[in-house]
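Please read each point with the structure open beside it.

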Amino acid sequence: MMLRKAVRPLGRSFARTCFVRHSTVASQEPVDTDTVSSAINNLSKPVHAKLPNRKPFMKSMFLGTVDTELLSFPESLNREEQARLTKHKEELERALHTAEPKSPASAGLYGLQGPLEHGGNQFIETELAFVNELLADNRAQAMVTLEHNAIVKLLAQHATDAAKDLYLSKLCSGEMIAASALYEVNSSRHTMFSTVAELDFTSGKWTLNGSKVFLRNDETDPGLLLVIASTKSMQKRNKEDGTIAAFLVDANAPGVKISHSELGSKGLARVTVQLNHVEIPETHLVGKETDGGVVLSKFLSTVRVQSSVVRVALLKKVLNSLTDFCINSKTSTGDMMDIEIVREQLARMASIIYASESLIYMTASLIDDFENQDVEMEAAITKVFSTGSLLNFAALPLQLLGPQALSKEFTFEELFNDALKMFVGDESIDSVNFFIALSGLQHAGIHTFETIKKDRNPAMNPSYVLSKLFEKTSIENPKKFAELQQFFHPSLEPAAHWTELSIVRLKLATECVLSRHGVEVIERHIELGRLANIVTLIYAMVSSASRASRSYCIGLRHAAQDVHLANMFCRESSEKIRLLALELEKGPYMTGDDDYNVIARNLFREKRYYFEHPITKNF
């Protein structure tokens with residue numbers, strides 16, 4: 001009986017892991033890539049099949065619900081797709097690492113996500129992420145390429161037929177490079193963007209006025225810009241209206257002026273695009289006039305996931321270089337690799353890389369496998385998690401080795417400079433964190449507004465208040481609700497246990513924050529940051545445990561270490577979540593958040609550091 005009980009959960013987990021999302025498992029059997037003909041590779045590639053979309057995965061966790069069908073680690077590629085992708089990557093590797101490497105254009109890097117009929121490869125996000133791992137050694141070029149491919153994919157999906165015929169072939173061949181012009185230095189009180197597009201109903205043309213900025217770490221000048229602009233005032237819009245639209249702007253069009261200014265980090269430049277009465281034909285509108293938000297969301301989701309591949313590749317390079325150094329170095333007390341603090345830091349870095357990889361491919365699969373799936377939050381979490389520890393881990397060699405890490409015989413300084421460029425990016429981590437938290441709170445508020453209304457009006461709802469007093473679950477002692485361990489391999493029961501408790505704490509913390517602040521929560525940035533940290537850790541826990549479960553079920557190499565790492569990561573993350581949730585429960589006065597506001601207000605009033613010197617006398 002004991003054996004039977006142990007085997008049954010294993011069978012259920014194995015079945016879910018291998019067959020729930022897809023009936024084929026590409027990694028179970030090696031496929032001879034030579035048997036895949038070039039005709040199959042290039043001309044007869046089928047469109048990747050998608051399932052109907054599901055409820056948002058992470059947003060639903062703010063309500064304390066879990067889509068258990070998505071707990072199985074995804075396998076988006078079947079055997080034929082896997083073989084085709086492996087062969088393509090091998091050919092690309094040979095082209096880029098020969099004595100005379102091909103240029104990105106001749107190697108086909110600009111058409112990876114382009115339609116087949118325009119000379120592209122029609123890659124899905126999982127395939128692009130796999131190939132981007134190969135391109136990530138040249139980080140500047142990789143960032144240009146992934147952004148270019150994201151724009152090509154958007155054009156294939158949303159552009160007019162005239163724009164597709166005009167641009168897609170040029171973009172896929174590399175004859176023209178595309179870049180995004182989304183961000184602005186100045187903000188507007190009346191429109192979402194200070195760059196404004198006005199429609200001339202007589203000619204049917206749009207006129208763009210404004211200024212955009214983006215960062216560039218590459219000398220290639222873009223020939224085509226994806227510009228997001230406001231189309232009407234926020235006050236004048238109807239409920240059904242959109243306030244922004246996406247346009248294709250030729251960089252050489254009249255009224256477009258592009259200038260470069262060097263930033264402090266080596267090789268990083270800020271590109272400013274001035275748009276002065278630039279006329280845009282109606283055919284250059286991406287989607288409909290009201291589709292700007294959808295286009296922007298899809299573009300950001302794709303770029304956030306794919307840029308994380310480059311950041312993770314950088315972290316791997318730092319870890320591998322540091323590991324090699326520790327193996328071949330000795331101290332006065334013995335080998336450097338035997339020092340406990342060194343082992344702890346390297347293991348912690350490996351766990352972050354493992355979780356980041358898991359997030360990338362889980363999020364990419366949600367985009368690939370489900371039609372119009374809401375992945376805004378998952379993509380934002382992937383970027384935040386891969387970026388959050390980037391500088392700390394890139395500086396780890398300096399922390400462990402001291403000045404020796406700056407020696408020219410090592411690459412640690414170069415890797416740190418690259419990490420700094422990757423960290424800067426186009427958007428701040430805090431702004432992405434606020435987006436994560438507010439998106440989750442908005443989703444929770446829509447579904448629980450009646451409960452929140454009762455929490456905020458206890459005098460009018462005495463019976464509800466009494467029922468809350470007798471609840472058996474709390475942030476300190478949460479009660480499990482879904483028995484998530486049955487969806488993972490039995491060896492990952494600890495990870496499932498801590499993940500489930502963390503989801504309950506997220507739900508309770510969400511209710512606490514909404515009940516305390518209501519709509520004013522948008523001004524409570526510190527609490528929003530805590531909430532974003534909680535949901536980020538939960539998604540990383542789920543992705544890591546799901547990946548480890550799959551590895552163990554199908555017998556991948558080092559699968560036992562996958563399980564050990566996932567359990568360790570989930571245990572540590574669960575404790576961090578407990579402390580964050582307790583701080584949210586205590587509120588701004590008990591945690592000292594309000595004290596920080598007092599000190600900051602005095603700094604602004606005095607316009608400087610105003611405390612007296614330690615040896616000053618008052619007599």
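**Notes on the model**

1. V227 is found in strand β4 (residues 224-230), where strands (E, at least two residues) and helices (H or I, at least four) are DSSP runs numbered from the N terminus. This is a predicted model, in which local features need pLDDT of at least 70 and side-chain atom pairs count only at pLDDT 80 or more, while totals for chains, interfaces and linings use all residues. Residues are numbered from 1 along each chain as its sequence is written, and side-chain values use heavy atoms, with hydrogens and water left out.

2. What surrounds V227, leaving aside its neighbours within four places in sequence? The residues in contact with V227 are A181, L208, K212, A245, A246, F247, V249 and L275, contact meaning heavy atoms within 4.5 Å. With a relative accessible area of 0%, V227 is buried; the cut-offs are under 20% for buried, over 50% for exposed and partly exposed in between, using a 1.4 Å probe and protein chains only. The C-alpha atoms of V227 and S180 are separated by 6.4 Å, although these residues are 47 apart along the chain.

3. For the protein overall, there are 20 helices and 10 strands, and 50% of the 619 residues count as buried. Among contacts between residues at least 6 apart in sequence, 77% join residues at least 24 apart.

4. The largest nonpolar core has 142 residues, and those with the most contacts inside it are F57, M58, M61, L155, F299, I436 and I538. A nonpolar core here is a set of buried Ala, Val, Leu, Ile, Met, Phe, Trp, Tyr and Cys residues joined through side-chain atoms within 4.5 Å. Helix α8 (residues 292-327) gives the most to this core, with 16 residues. A second, separate core of 20 residues includes L208, V227, A245 and I280.

5. I436 deserves a look beside the next point: not counting residues up to four places away in sequence, I436 touches F62, M377, A380, I381, V384, A532, V535 and T536.

6. How do α10 and α17 cross? The axes of helix α10 (residues 376-388) and helix α17 (residues 525-554) come within 10 Å and cross at roughly 90 degrees, the axes being lines fitted to C-alpha atoms over the stretch in contact, with angles running from 0 to 180 degrees between N-to-C directions. The two helices α10 and α17 are therefore roughly perpendicular to each other, a term for angles of 65 to 115 degrees. On the α10 side the contact is made by M377, E378, I381, T382, V384 and F385, and on the α17 side by V535, T536, L537, Y539 and A540.

7. S573 is placed in helix α18 (residues 559-586) and, at 2% relative accessibility, counts as buried. Not counting residues up to four places away in sequence, S573 touches L537 and M541.

8. Please check the backbone at two residues other than glycine. Q122 has a positive phi near 55 degrees; Q122 lies in the loop between α4 (79-96) and α5 (125-135) and counts as partly exposed at 22% relative accessibility. H277 has a positive phi near 50 degrees, but its place is in strand β7 (residues 269-280), and H277 is exposed, with a relative accessible area of 56%.

Definitions and conventions. Angles under 35 degrees count as roughly parallel, over 145 as roughly antiparallel, 65 to 115 as roughly perpendicular and the rest as oblique.
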